[in-house]
4 protein chains.
Amino acid sequence: MKIIIEENYEKMSRVAANILLGKMYQNKRVNLAITAGSTPVKMYEYLVADTKNKPYFDNVHYYNFDEIPFKQKQGYGVTMTNLNTLFFQPAEIPESHIHPLDENNYQSQDKRVEQDGGLDLILLGIGTDGHYCGNLPGTTKFENLTSYVGEDATEHMKDILLSEVGGDENERPDFYVTMVPKSVMQAKEIVLFATGRKKAIIIKRAFFGPVTNEIPASLLQTHPNVTIVLDQEAASKLY
Amino acid sequence: MKIIIEENYEKMSRVAANILLGKMYQNKRVNLAITAGSTPVKMYEYLVADTKNKPYFDNVHYYNFDEIPFKQKQGYGVTMTNLNTLFFQPAEIPESHIHPLDENNYQSQDKRVEQDGGLDLILLGIGTDGHYCGNLPGTTKFENLTSYVGEDATEHMKDILLSEVGGDENERPDFYVTMVPKSVMQAKEIVLFATGRKKAIIIKRAFFGPVTNEIPASLLQTHPNVTIVLDQEAASKLY
Amino acid sequence: MKIIIEENYEKMSRVAANILLGKMYQNKRVNLAITAGSTPVKMYEYLVADTKNKPYFDNVHYYNFDEIPFKQKQGYGVTMTNLNTLFFQPAEIPESHIHPLDENNYQSQDKRVEQDGGLDLILLGIGTDGHYCGNLPGTTKFENLTSYVGEDATEHMKDILLSEVGGDENERPDFYVTMVPKSVMQAKEIVLFATGRKKAIIIKRAFFGPVTNEIPASLLQTHPNVTIVLDQEAASKLY
Amino acid sequence: MKIIIEENYEKMSRVAANILLGKMYQNKRVNLAITAGSTPVKMYEYLVADTKNKPYFDNVHYYNFDEIPFKQKQGYGVTMTNLNTLFFQPAEIPESHIHPLDENNYQSQDKRVEQDGGLDLILLGIGTDGHYCGNLPGTTKFENLTSYVGEDATEHMKDILLSEVGGDENERPDFYVTMVPKSVMQAKEIVLFATGRKKAIIIKRAFFGPVTNEIPASLLQTHPNVTIVLDQEAASKLY
């Protein structure tokens, strides 16, 4: 486990972008699974600038690792919509290089990724409850494969699903799909990044405490090639 | 996770030997952690024949991953004594290529292995209780580093220690040392092998059941590069 | 460059088989380019025994690296016919795992191999003139891509082509196709093996002499991961 | 071979820095051989900013690949003096992470690098004559190991040596030492970068023409993992 601590969110985001770029400058197909959300906003600004109109990155393929469908709206769900806005559209990534996971293909996700050569890197955020991808405590277990998580998976799941679609009851889905701990652990490299004081306690618990399903991210500390990228606030409980 | 099933103990042992040999034919330093015990007896017969007097294997270094000291006898403990008998002496491996773990150096084991370039492969057996190395249920946890396990670690530990030194009360040690789940998971490749009907149930539980500290080997199913080598009897509960 | 010297042809063949097996025991697609001819006869005997009816090798894909078409006979040329006889048929390799190179697809060979993930290993023999694959002195150059070599490429090419089809004038082709030095150098690992006193001088010249197009195999000594497997006779000029 | 073309010197330098950084963010020892000279000036400005006071880069080790000693001045020669000024001192790289090649240790250079785990990446510039490191046409051959090149190696070598020490006759050495084509080819990855119109013709000849000792860099086109980073002027003869 390598720990990288940077002064602030901007520098932390720059390092995360650099780690991804480092993988991308290769003379072979590179498969990256990347995260939506708020943590990566700045990182995608950097990546858009560094990858737009760069034909030499035509070896790079992108995967989302979870998806929350809208109940009524057609097309992409919450995750892919967010990735499109933050990165795929501004960076002009061709569709043939984007491999969406969704409710129709989640059962073949692990097999498809393996046939594509496996993930060279998966970039993860972390929630204050220790979740990553859609692995909220109580929803998936270390031994599962890419899964369907229903609205009754945990007590508050309906609220969570409502919140994910912006509070619009008409669009609240009954479920989401997600790559799970074992799928994530198959990646050749795992990078997890976090920003801000509110992540400080979970970072300490997940990476310097017990490995337990109650803190899904805790399993990641056992991966042979995992890097944690933090700003000083997120690292503030470590030392 | 790759599952290899062979007809019988001899063929299973030949495959295990071949996997090790496959790592050894490289033009760089190769670090192997290997297991003592009864399962590997035949495999070491093959390996002795294939490695003795082969100067082209001077790139290979060997590590033991646990050690049970004798109480009174000087020198190597139970594990290294066994490895010497089964492999190092008949294969005439030079001492400079053998890196013993013992009670004096266990605290620096993980760091030393990392500085040597990491383990290219660790070969493990499995107990009917799901243990590997000295990771018996209740002795170590997924998040530990290479550890000292005292005679009071579990209810039956004194009996286990006595059994390990052949029932000689004078030699019963108060403890042993062992690489732990997280140390093992750092290896680039993990191979676990098992023979016989008595291992059939634990193989199913460890690799097709929940990841839990109660079955220490269950964690290994999440490693990105793990191979399970079985004879038909050990595999008899899988299908 | 790693040099492996074994006592005799049988042991040399066993080591060559072991190196291939070592690559094959992986939990990912493995691409092997393998050689036809007389040197590998014994090695394929071993490999057939070790791979036939082994479902755990369903990750392995095979490539030939040159082809000499028959003038009239339909179907496979000299190389694939030989590989079928020595290995693919007795080992019952499914057709979907065999990727023939021939006169119709040679121009896309390098691109196809790259899209398949590249060659994990290419196994080569060597001629007394320093050729490997169809890279006879004077036919291809270090900088070419997979090539068509016509009957007028060198003075004796018509005779060579005649000899390759067993002296049958009706079947003598006008050309052959071959992967070339640069294609071969793209492999992650190169293994070249040789047997017998008649190969001793070329082994010394190719791997311990100048890198020159006059000895096509001489380029291979610069590859970062190349292993030369010899019996004592083939190694007899080295020391 | 991957070709990366950027608009101008600054962007080309940023990409070269990013490729190096990409290697450095690893949880293992990383060995980089890096170039002195004028091409890397901007790249080192970026690297100094990105590596200074970053304890998470304590896994990175640096190697020079040639050295031109001063005749009288004690201490480092031309290359290490230049690397110290451009990078090691401003980035505050600790001495224990710098592994100088010089006239006293050049004969063991290839062995030492191998024992350190090999070079993860070597970054090269190129001269208008196709040289890299100290491999000027006529001085070294593809098959050599790290070499001593005397003042009589080529017709103009005395002038070249004089020019390298800034035209000071008192400091003109009789020789230099250099890693050679075969040493360089052993690196896991080769990156060569070039800037400006005056490099355009040699870039075309070296990477899209014959592999010949007359253009030492031409051999690099056969390496399985080589990246050429150019600004538009240096790439202007390619398309």
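Beyond its neighbours within four places in sequence, A:Lys182 is in contact with A:Phe142, A:Glu143, A:Asn144 and A:Leu145, and also with B:Gln221 and B:Thr222. The model is predicted. A:Lys182 belongs to helix H6 of chain A, residues 181-185.

**A:Lys182**
- The relative accessible area of A:Lys182 is 13%, under the 20% cut-off, so the residue counts as buried.
- Between the C-alpha atoms of A:Lys182 and A:Leu220 the distance is 9.7 Å, with a sequence separation of 38 residues.

**Antiparallel sheet in chain A**
- An open sheet of three strands in chain A has the order E4-E8-E7, with antiparallel pairing.
- The edges are taken by strand E4 (66-67) and strand E7 (147-150) of chain A; each has a single partner strand, so one side of each lacks a neighbour in the sheet.
- Two bridges link E4(A) to strand E8 of chain A (residues 175-178) in the antiparallel sense.
- Opposite A:Asp66 stands A:Thr178 in E8(A).

**Helices H2 and H3 in chain A**
- Helix H2 (residues 41-51) and helix H3 (residues 78-88) of chain A pack with their axes 9 Å apart, at an angle of about 50°.
- H2(A) and H3(A) are therefore oblique to each other.
- From H2(A), the residues A:Val41, A:Tyr44, A:Leu47, A:Val48 and A:Thr51 meet A:Leu83, A:Leu86 and A:Phe87 of H3(A).

**Helices H2 and H3 in chain D**
- In chain D, helix H2 (residues 41-51) packs against helix H3 (residues 78-88) at an angle of about 50°, and their axes are 9 Å apart.
- The arrangement of H2(D) and H3(D) is therefore oblique.
- H3(D) contributes D:Leu83, D:Leu86 and D:Phe87, which meet D:Val41, D:Tyr44, D:Leu47, D:Val48 and D:Thr51 in H2(D).
- By class, the contact of H2(D) with H3(D) comprises seven nonpolar, one polar and no charged residues.

**Strand E10 in chain C**
- Strand E10 of chain C (residues 226-231) has six of its six residues buried, so the rest of the structure largely encloses the strand.
- One face of E10(C) carries C:Val226, C:Ile228 and C:Leu230 and the other C:Thr227, C:Val229 and C:Asp231, and both faces are covered.
- Strand E1 of chain C (residues 2-6) pairs with E10(C) in the parallel sense over five bridges, and C:Glu6 has C:Asp231 as its bridge partner.
- Strand E9 of chain C (residues 190-194) also pairs with E10(C) in the parallel sense over five bridges, with C:Leu192 opposite C:Ile228.
- A right-handed β-α-β unit is made by E9(C), helix H7 of chain C (residues 200-208) and E10(C).

**Strand E6 in chain C**
- In strand E6 of chain C (residues 121-124), C:Leu121 and C:Leu123 point one way, C:Ile122 and C:Leu124 point the other way, and all are buried.
- Strand E2 of chain C (residues 30-33) runs parallel to E6(C) and is joined to E6(C) by two bridges; C:Ala33 stands opposite C:Ile122.
- E6(C) pairs with E9(C) in the parallel sense over three bridges, and C:Leu124 stands opposite C:Leu192 in E9(C).

Methods. Residues are numbered from 1 along each chain as its sequence is written. Chains are lettered from A and ligands numbered from 1 in the order in which they are written. This is a predicted model: local features need pLDDT of at least 70, side-chain atom pairs count only at pLDDT 80 or more; totals for chains, interfaces and linings use all residues. Side-chain values use heavy atoms; hydrogens and water are left out. Buried means under 20% relative accessible area, exposed over 50%, partly exposed in between (1.4 Å probe, protein chains only). Helices (H or I, at least four residues) and strands (E, at least two) are DSSP runs, numbered from the N terminus. Two strands pair if DSSP finds at least two bridges between them. A crossover is right-handed if, with the strands pointing away from the viewer, the path from the first strand over the helix to the second runs clockwise. Axes are lines fitted to C-alpha atoms, for helices over the stretch in contact, and angles run from 0 to 180 degrees between N-to-C directions. Angles under 35 degrees count as roughly parallel, over 145 as roughly antiparallel, 65 to 115 as roughly perpendicular and the rest as oblique. Contact means heavy atoms within 4.5 Å. Ala, Val, Leu, Ile, Met, Phe, Trp, Tyr, Cys and Pro count as nonpolar, Asp, Glu, Lys and Arg as charged, and the others, Gly among them, as polar.
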